[in-house]
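The following paragraphs lead the reader through selected features of one structure. Please keep the sequence and the model in view while reading.

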Amino acid sequence: MILHKLVAHHLKHKDDAYFYLLQAQDAIRWLEQSGVALGKGTRVLDLGCGHGVFGSELVKKGCQVTFADEENYLLPELAGAPFRQINIDKEDVSKLGSYDLVICSNVLEHLAKPVDFINAVKNILTPSGVLYLSWTNWLSIWGGHEFSPFHYLGRNRGHLIYDKVVGGKRKHTPYVNLFPTYIGEILGIIRRNPNLRVVKIAPRYYTEFSFLMHIPVVREFLAWNCALLIGKK
């Protein structure tokens, strides 16, 4: 469980590089425990990579990592690393090629068309490849990001009430760059897709409580972040 570490660090330093490093290292631990091969010869796509913190940890494992995002914000130490520019909402991800492991961390809730992305996943996975999909579901305590917990007051007005009560600079606006997503809804999309299957599911920051993800409704509130392993049928 790393939730307490993340909360403590965020209170002092916000979401700096180390904040995401903690998440990446813990996610990689879960991937390895789940039987995902990481090492020399493993082709990885860090999709929606941001500064590339997650992918850089996989590089240390010996993986061949390609980074992809709308803009190149890679850390200085990743200068020269393979990078592909793409807008996931507007472009066909299949142009990126196919990989043994695709990482899509903290991206899904910022997509206007998450269904289109999930249905296109089969095109970027090798036959035995898997997608690590992790995102903050809307009904979690952090579903509204910086204006949480005001998001519980409604998708159309919670952030506006936050502005009046708290004020300050706000990064996210519902249906502009933050889209309400639900675990049950995403699972339904995957299960209805004839080409995809759910390999494993857990609350990302406390994966030992994976049983929570099998309880409808409850999981929407108790999972701060949903972690999914998705493979091809």
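The side chains of S105 and R204 are joined by a polar contact of 2.8 Å; such a contact is a pair of N or O atoms within 3.5 Å, and within protein one must be able to donate a hydrogen and the other to accept it, while residues adjacent in sequence count only if both atoms are side-chain atoms. The model is a predicted one, in which local features need pLDDT of at least 70 and side-chain atom pairs count only at pLDDT 80 or more, whereas totals for chains, interfaces and linings use all residues. Residues are numbered from 1 along each chain as its sequence is written, and side-chain values use heavy atoms, with hydrogens and water left out.

S105 belongs to strand β4, residues 99-105 (strands are DSSP runs of E, at least two residues, and helices runs of H or I, at least four, numbered from the N terminus). S105 counts as buried because its relative accessibility is 15% (buried means under 20% relative accessible area, exposed over 50%, partly exposed in between, with a 1.4 Å probe and protein chains only). Apart from neighbours within four places in sequence, S105 is in contact with L47, G48, F54, S134 and R204, contact meaning heavy atoms within 4.5 Å.

In helix α5, residues 158-165, the buried residues are G158, H159 and Y162. They lie on the same side of α5, because they cover an arc of only 95 degrees around the axis, taken from the directions from the helix axis to the C-beta atoms. After α5 comes G167, which has a positive phi, near 75 degrees.

F211 is found in the loop between β6 (196-203) and α7 (218-222). With 48% relative accessibility, F211 counts as partly exposed.
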